[in-house]
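Subject: Structure for your files, with notes on helix packing

Dear colleague,

Here is the structure we discussed. My notes on the helix contacts and the core follow below it.

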Amino acid sequence: MNPTTMTGPAGPHAVWLRPWQALRRADRAWLSIALLAAGLLAFDRGQLAESAVFVARSAASVLPFLLLSALTAAWVLAAGADGLIGRAFRGRAIRMVLVAAATGALSPFCSCGVIPIVAALLAMGVPLAPVMAFWLASPLMDPAMFFVTAGTLGVEFALAKAGAAIGVGMLGGFGAMLAVRAGLVGDALRPELVQRARGERFRDPADVLWRFWQEPPRAAAFRRHAVSKTLFLGKWLLLAFLLESLMLAWLPADAVAGLVGGDGFLTILSAATIGAPAYLNGYAALPLVGGLMSQGMSAGAAMAFLVGGGITSLPAMLAVWATARRAVFVLYLGFAVSGAVLAGLVAGLLL
């Protein structure tokens, strides 16, 4: 019997529960975006317009990396070469962690922009250790950032931050390696992002076909993987950028930085802990931190704040949570905070 036609209490309850059941089935990312937009439309239309512009600009800046990572991952998977890439890193974990940390320190990705690249690497079968090293080092430093930091905070501080980027990358890479060997981490990506569907695994090297379009099943797999990857990461990055715009408007970086002035271990710990969830644009934060240092903020606290805020933020955490499994998310967040604390302690001794 149809529950909506019942005369007993089950019928009315079933009717009233339908909207709630629809909400539970709705996509969490799109639902969150819609609710935030509706709230801004009702209470702060000016901020809604500003957030829309910010999201559009941020999405445009990250779109090339998102498409490149999605198409590359789809190509490798459709060609059946994901197994080859995964095998290429076996037996070379230590060297690959070192290379990944150094490469990350030279790459121009922010904490959100690096996530599509990370997801693509993991989907190709690249081990978590070098990916984690690249993941953590990438948002902290690049050539342009180095020169701006040197001009704002001095060459010694810039060199120390470059060393911190590589050091934190190595900490995360080797830490992830140990976690994997201890069995604490299995598959890094969430199940819906594991792009190795049954019937599409071309593991034998003889089955690798780089010109995948020559076979209709592989071409169909390429289209499916490219679309699903782009849509999944795209919606979560849009939500991340929307939250980022609200944090910039309602929680200015100078207000956050003002809480971490002073010296000592507890100050460094506070700087790393507060800096991690707070959005901190690497370039805009430099003059702010420089002003705080001139007012008594220690070099160690400044380094911890810059490293913690550079690696992650609440929007980046959200994007990571949507992409990686819980154990990987915990590792990512733990290495970000602990790496920021260690970088601050070392900077306090050297600078």
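**Helix α14 and its partners**

In α14, Ala299, Gly300, Met303, Ala304, Val307, Gly308 and Ile311 meet Tyr332, Ala336, Gly339, Ala340, Ala343, Gly344, Ala347 and Gly348 of α16. By class, the residues of this contact of α14 with α16 are ten nonpolar, five polar and no charged. Please keep in mind that this is a predicted model.

The two elements are helix α14, residues 299-311, and helix α16, residues 326-350; they pack at an angle of about 155°, and their axes are 7 Å apart. Angles over 145 degrees count as roughly antiparallel, and α14 and α16 are therefore roughly antiparallel to each other. The crossing of α14 past α16 is right-handed.

Helix α14 also packs with helix α9 (residues 155-181), here at an angle of about 50° and with the axes 11 Å apart. The pair α9 and α14 is therefore oblique. α9 passes α14 in a right-handed crossing. On the α9 side the contact consists of Phe157, Ala160, Lys161, Ala164 and Val168, and on the α14 side of Ala299, Ala302, Met303, Leu306, Val307 and Ile311. The contact of α9 with α14 has ten nonpolar residues, no polar ones and one charged.

Ala299, Met303, Val307 and Ile311 of α14 are listed both in the contact with α16 and in the contact with α9.

**Helix α12 against α16**

Helix α12 spans residues 265-275, and its axis comes within 9 Å of that of α16, with a crossing at roughly 140°. That angle makes α12 oblique to α16. The crossing of α12 past α16 is right-handed. From α12, Phe265, Ile268, Leu269, Ala272 and Thr273 take part; from α16, Val337, Ala340, Val341, Gly344 and Leu345. The contact of α12 with α16 divides into eight nonpolar, two polar and no charged residues.

**Nonpolar cores**

Which residues touch the most other members of the largest nonpolar core? They are Leu128, Met132, Trp135, Val307, Ile311, Val328 and Tyr332, out of 80 residues in that core. α16 supplies the largest share of this core, ten residues. There is a second, separate core of five residues, among them Ala74, Ala78, Phe212 and Phe222.

Regards

Technical notes
Residues numbered from 1 in each chain as written. Predicted model: local features only at pLDDT ≥ 70, side-chain atom pairs only at ≥ 80, totals over all residues. Heavy atoms only, no water. Axes fitted to C-alpha atoms, helices over the stretch in contact; angles between N-to-C directions. Helix = DSSP H or I, 4+ residues; strand = E, 2+ residues; numbered from the N terminus. Parallel < 35°, antiparallel > 145°, perpendicular 65-115°, else oblique. Left-handed = near helix turned anticlockwise from the far one by under 90°. Contact = heavy atoms within 4.5 Å. Nonpolar A, V, L, I, M, F, W, Y, C, P; charged D, E, K, R; others polar. Core = buried A, V, L, I, M, F, W, Y, C linked by side-chain atoms within 4.5 Å. Buried < 20%, exposed > 50% of the residue type's maximum accessible area, 1.4 Å probe, protein only.
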